[in-house]
Amino acid sequence: MPQTSQIKWSPLTLLILGLLFLISARQAAARQPKQEPVPANPIHPVFAILDETGANVLQSGNPLSTMQTCGQCHDTRFILEHSFHADLGLRDYSSSPQTDTAHSWDSSNGLFGRWNPLTYRYLSQEGEANLDLTTPDWIRLFGRYVIGGGPAATSRAGNPLTNIAARAEDPQTSTFDPVSGTYVAWDWQQSGVVEMNCFVCHLPQPDNAARIQALEDGRFRWASMATLSGSGIVEQNGDTWVWNPDAFDEKGELDGAYIALQDPDNDNCAQCHGLVHSVETPLTLAGCTLDNWQTATTGQIISGQKISLSGMNISDKTALARPWDIHAERGLQCTDCHFSLNNPVYYRASAETQPAHLVFDPRRLDISEYLQMPDHNFARGQSAQYNVAPELKDTMRRCESCHDAGSTHTWLPYADRHIQELACEACHIPQVYAPAVQQYDWTVISAQGEPLSLCRGVEGNTGTITDLVNGFQPVLLPRQNIDGKTLLAPYNLISAWYWVYDDPSGKTLPVREQDLQSAWLKDGDYAPEIKTVFDINKNGNLSSDELNLDTTAKKNLIAARLAALGLKNPRIQGEIQPYSINHGVVNGEWATQDCQSCHSDASHISQPMKLANYVPGDVVPEFVQDANTITNGRLFIEGNALIYKPATLAQDMYIFGHDRVPWVDWLGALVFLGVLAGVSGHGAMRIIAALRQPAHTPKVKKVYMYAVYERFWHWLQTFAIVLLLITGLIIHRPDMFGLFNFKYVVITHNILAVLLVVNAALSLFFHLASGEIRQFIPHPYGFFDDAILQAKFYLRGIFKGAAHPFEKTPVKKLNPLQQATYFVILNVLLPLQVITGALMWGVQQWPAAADALGGLPFLAPFHSLIAWLFASFIAAHVYLTTTGHKPLASINAMIHGWEEVEEHPLSVEEEAQHDLSGNDQTQGTQPESPAV
Amino acid sequence: MRFSRFTWFIGLSITAAVIIIPLILFLPRAAESRDNPQAFVPQQITHTSHADLLPGPYANGQEVTQACLECHPDTAEQVMQTTHWTWESQPFNIPWRNESVTIGKINQINNFCIGVQGNEKQCMSCHVGYGWQENVDYDFSNQHNVDCLACHADANTYAKGYFGNPAEGVDLAAAAQSVSATTRETCGKCHFDGGGGNGVKHGDLDESLYFPSANLDVHMGQLDFQCTACHVTEDHVIKGRMVADNYTIDPWEQVACTDCHVEAPHEDERLNSHVASVACQTCHIPSMAVKNPTKTFWDWSTAGQDIPEDHYTYLKIKGTFIYDKNVKPHYLWFNGNLSYRYLLGDTIDPTQITYINLPAGDIQDPTARIFPFKVHVANQPYDTVNNYLLQPITGGTDGYWTNFDWEQAFELAEDVTGLAYSGQYGFTETWMYWPTTHMVQPSQYALQCTDCHGKESRLDWIALGYHGDPQIWGGRFQTK
């Protein structure tokens with residue numbers, strides 16, 4: 001009887017459970033001794049909460065006014081005026097055609113006026129025939145990002161919104177009524193304005209959802225109070241809130257226990273900016289929805305949690321035992337870098353504005369003065385949201401303001417050079433492990449009126465937690481910094497396509513969402529005319545394959561339907577917006593460290609980025625020109641996909657191991673192979689000739705040809721040059737020589753180069769001091785005759801067994817052709833190679849010197865070309881050493897010093913010379929005689 | 001020329017030297033790993049099989065020991081010097097007693113099964129000797145009573161029964177033939193099951209370590225260490241002391257991470273700066289009882305009731321328990337010693353928590369570091385008149401576990417412990433600290449900055465004696 005047994009057991013079970021509960025409660029109490037109730041914030045004084053009129057809300061029952069309440073001590077007007085978070089672009093709002101904005105129809109660079117294809121809705125300006133977003137509707141739509149004040153309280157002309165007469169045609173005082181489908185007047189008096197909401201940022205647990213809901217509902221006056229829900233200070237009462245009298249003391253001031261005000265922490269900032277995860281539970285994120293704006297556009301996640309401990313489905317996750325963001329892990333807060341600009345803790349005058357004799361100016365704001373008038377403009381970088389608050393660009397302390405890169409990059413060859421060219425983020429944000437938006441296609445819409453969008457860095461793209469996240473490698477774009485430097489920095493590129501039309505006033509405007517829906521949809525489904533053309537498989541639905549403007553017919557249909565709505569000249573535009581990636585930084589252990597990540601064919605530097613899986617309407621998008629990036633790479637279509645590949649050479653960058661000038665290599669290889677072919681042919685003919693006729697057995701004598709030092713410097717130079725050629729080749733084409741460590745090869749190349757130069761210098765000294773240099777200087781008289789004689793020998797005589805035209809003697813080792821060759825090599829090739837090499841090495845010490853001579857893009861290919869010539873010379877040189885009377889005679893001589901040379905009847909002139917110099921070492925001057 | 005045959009060689013050597021020497025001098029060397037712990041791990045010697053050496057048969061354990069001593073004549077004497085045999089520490093001078101005292105199972109209590117005295121029948125199953133019975137003077141000098149098999153027999157062939165004698169039915173010859181160096185199984189039989197079951201006493205030692213995964217314990221799992229890899233043993237003297245049964249421990253007696261690892265092995269300078277104040281264990285053992293739960297609470301006061309039993313929540317003989325898994329340790333300053341160890345007869349304040357042991361060290365103590373502990377909380381009996389903890393007789397024919405009569409159990413104990421029982425008893429809360437040092441996880445699971453610093457800190461900085469989070473306020477050796 002299962003039921004009986006259940007009845008029998010449950011009291012006992014309950015007893016045990018109750019017992020356990022008591023025990024554990026007791027245990028918990030024992031471990032954490034009960035503390036006296038303390039003020040939530042021990043420093044903040046108690047205060048009364050006031051409404052718009054300045055009356056205590058306990059009496060009036062009205063929603064609170066932050067301006068009045070916080071304004072009792074803090075200068076709220078100053079705060080409001082010094083806050084781009086409040087302003088959101090209102091200050092530079094202008095309905096006249098803009099030139100410095102991203103789009104011709106933008107009225108500012110901020111959220112209030114700058115159109116973004118991801119959010120799509122357009123803030124209507126005065127006098128436009130078709131209203132899209134009015135000011136109230138803008139607040140309702142973007143409430144999540146609207147902190148209040150600025151355009152949520154002030155008109156575009158700078159007057160209080162409550163002072164404007166409500167007219168349905170005025171984009172400031174109307175709202176779209178979905179029931180009637182028309183715009184109706186908006187009563188600001190009734191809704192109230194949105195005051196700057198201090199609580200969103202200064203409460204540990206603001207109820208942001210309630211705030212957003214209040215804004216969405218148009219109950220603007222209540223937004224601040226809604227934020228307090230859950231704090232115990234207010235209680236929800238239907239659509240509004242009432243004050244909880246228990247939270248106040250007898251004087252009508254808020255009880256200290258409820259005052260939990262604090263400095264903003266990461267979670268506060270996260271409410272608008274992007275995903276922050278500061279708790280122990282495994283982090284999860286699905287898809288790239290715009291709820292987390294910064295994460296959606298860049299993949300940045302601010303969390304100290306290790307990726308391996310997250311709850312996401314990331315490929316090879318267990319190996320990723322690194323935090324999402326090293327700074328979050330190290331306990332940094334957003335405000336540590338993005339600090340209030342007059343916060344005396346962080347503020348430091350820039351070196352430029354400070355008198356030269358001062359290192360530190362101790363005259364600064366007192367804490368109390370700061371608390372009274374804290375600047376709410378926060379230090380910002382210079383990349384993300386490039387044109388927002390431009391006067392504050394670069395007020396933030398960047399990586400290098402806190403980190404001493406020099407002390408930690410000692411392992412990196414050419415560290416200075418790398419730092420000159422690469423932003424820290426380029427290597428320290430090697431991969432982003434969250435999905436980010438790749439493309440938005442507004443040329444088509446789903447049956448629900450949504451655009452087609454795709455995330456990058458994720459497989460599956462169902463927008464659910466089970467999608468496999470691979471992450472993505474940011475594209476590196478040259479970023480022009482304020483200080484004049486151009487550094488490569490990581491970006492995500494988001495491409496978007498949308499319809500635009502010509503307003504009657506001649507302005508180009510994006511097609512309104514409601515017009516798009518009218519053109520596409522009817523009664524919650526696609527219009528029948530649309531289905532006729534788009535539904536290719538006739539199943540009644542439009543799949544994502546069918547929902548694509550890939551034919552002219554489809555494109556024309558939509559254009560015609562938009563035109564039918566009265567929109568003139570509807571057409572598709574596409575744009576690419578770079579989103580700067582500066583967070584999600586890794587420490588050195590996880591940064592790009594391997595040389596060949598960049599010094600290889602598949603270099604990070606030119607890592608292509610897929611912009612879109614298809615190109616809607618065949619419109620190739622253009623880069624939005626409101627970022628400090630240079631986008632002169634290549635935009636091309638591969639398959640259906642649109643790809644952007646950054647250029648390196650075009651950006652005056654020459655990455656060893658990645659960049660090559662093809663014609664240099666072709667020409668060099670051709671010369672080298674030509675020489676090889678030449679000497680092979682010559683050698684073959686010699687062998688044939690030798691077989692045909694009896695061996696040429698000239699009379700020979702042993703001569704001490706090369707002194708010890710000559711042999712030594714020759715062989716040292718031989719090894720150095722051969723090794724330089726090999727190491728140079730590896731540096732040139734590291735992909736072909738995966739066995740070698742690029743870093744060590746580069747350093748070896750440099751050491752060998754120094755060795756070569758020192759050896760050459762010592763050798764030059766030897767030849768100058770001993771006068772041997774004369775051997776290398778061609779004698780002008782009869783030089784050409786002699787040269788021709790020598791050439792004839794190589795071309796003809798050698799095959800017939802003829803004697804060498806010139807006797808090789810210790811004082812005249814070189815024949816005229818050799819003299820000419822060495823003259824060129826030693827006076828032209830070697831110096832050029834040394835100079836170009838030195839300048840390339842010196843590119844970090846004296847970049848100006850290299851730049852004066854064309855920089856690496858010129859020097860490096862030139863160096864390669866000469867290397868090819870050296871290689872060719874060596875091939876010829878080695879072959880020609882075999883042209884003595886015996887193939888190995890000359891090589892032997894260079895090893896042992898003694899050479900068997902053909903005896904020549906000396907010409908009178910030469911004999912005289914020998915006698916005069918008394919230098920004929922074959923006779924007696926050499927202590928040891930050859931063992932014949 | 002006579003030397004012409006090797007001229008080329010001399011020349012080649014010199015030329016090569018001129019090239020190679022600068023390369024050696026100027027090529028950067030790969031940074032030598034600062035930490036090379038493997039070099040310090042003792043080599044395990046392959047054990048000689050004793051299968052043919054000990055034919056048996058053996059009538060009892062003592063005969064086995066005699067056989068062992070024939071070839072290893074000094075070993076019993078060695079074992080008899082160790083606390084495995086004596087169950088008693090060296091004498092300590094302590095400030096709260098006039099005479100020096102020893103601490104051990106032989107004479108003190110804990111807050112698990114409370115005390116051994118008078119309960120030898122069962123407790124001696126973990127003593128390395130045979131035949132230790134209550135009320136019988138035990139001959140600690142009889143070498144034949146040393147139980148070699150307890151540690152050296154294959155754990156599957158041997159088990160100990162009452163009074164430390166071999167359990168019924170053990171084939172002593174088979175056990176003797178199976179002997180080898182100690183393993184995790186042989187040590188684990190007692191040390192994993194201490195306190196009467198798996199994971200009762202230690203939060204960091206339990207049966208999951210018989211076959212540990214790399215993620216559970218990097219040393220025993222990934223590297224397959226046996227206990228003696230760290231508890232280096234020479235002449236049966238095993239390195240490592242349990243602070244719960246000692247007062248002070250000489251550093252040379254204790255196993256330390258730095259026996260194999262360098263003091264500051266991290267690549268990250270910031271991490272190395274923690275070493276002066278944070279023990280390795282603190283970060284590298286993020287939680288205890290990762291796989292098997294450990295007992296964190298034991299309430300003796302509810303024992304003796306006829307309610308449904310469950311190994312993890314209630315046993316009639318023992319009372320109510322809480323077992324917990326993935327337990328976050330308690331963190332205290334710890335210099336390796338105790339500042340207090342409860343000794344039988346110490347008076348208590350029953351309104352307050354009684355600490356069976358208290359780790360020594362505070363923020364002022366430069367030798368102390370923040371260290372993770374398992375805290376075992378118990379509700380155990382005390383004499384309400386004399387105000388000291390009572391040790392009941394639990395085993396035996398009249399023990400509590402037979403008759404469920406506390407009065408009788410305390411009265412019986414009077415003669416054994418020499419501690420008078422007033423006739424009034426109650427239960428009081430006691431805490432016992434167990435250092436956490438095993439179950440070191442792979443480095444990628446070590447604690448991160450935000451585990452201790454910032455809002456979600458697992459450390460109570462104020463309680464540890466800091467002004468606040470040292471990330472902001474500065475550490476004890478560094479002003480900020």
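Predicted model: local features only at pLDDT ≥ 70, side-chain atom pairs only at ≥ 80, totals over all residues.
The C-alpha centres of domain 1 of chain B and domain 2 of chain B lie 26 Å apart, with bounds from an automatic or database domain assignment. Residues are numbered from 1 along each chain as its sequence is written, while chains are lettered from A in the order in which they are written.

**Exercise 1.** Describe the side of domain 1 of chain B that touches domain 2 of chain B.

*Solution.* 
- Step 1: domain 1 of chain B covers 56–87 + 127–180, and domain 2 covers 89–119 + 186–256 + 270–447.
- Step 2: the contact (C-beta atoms, placed from the backbone, within 7 Å) takes 11 residues from domain 1 of chain B and 12 residues from domain 2 of chain B.
- Step 3: α3 (75–79), α4 (83–86) and α6 (148–152) of chain B each give two or more residues to the domain 1 side; helices are DSSP runs (H or I, at least four residues), numbered from the N terminus.
- Step 4: α3(B) provides the largest share, three residues.

**Exercise 2.** Determine which element of chain A gives the largest share of the side that touches chain B.

*Solution.* 
- Step 1: 35 residues of chain A are in contact with 36 residues of chain B.
- Step 2: the elements of chain A giving two or more residues are α1 (2–31), α24 (708–732), α25 (742–770) and α30 (889–896).
- Step 3: α1(A) gives the largest share, eight residues.

Note on methods. Contact = placed C-beta atoms within 7 Å.
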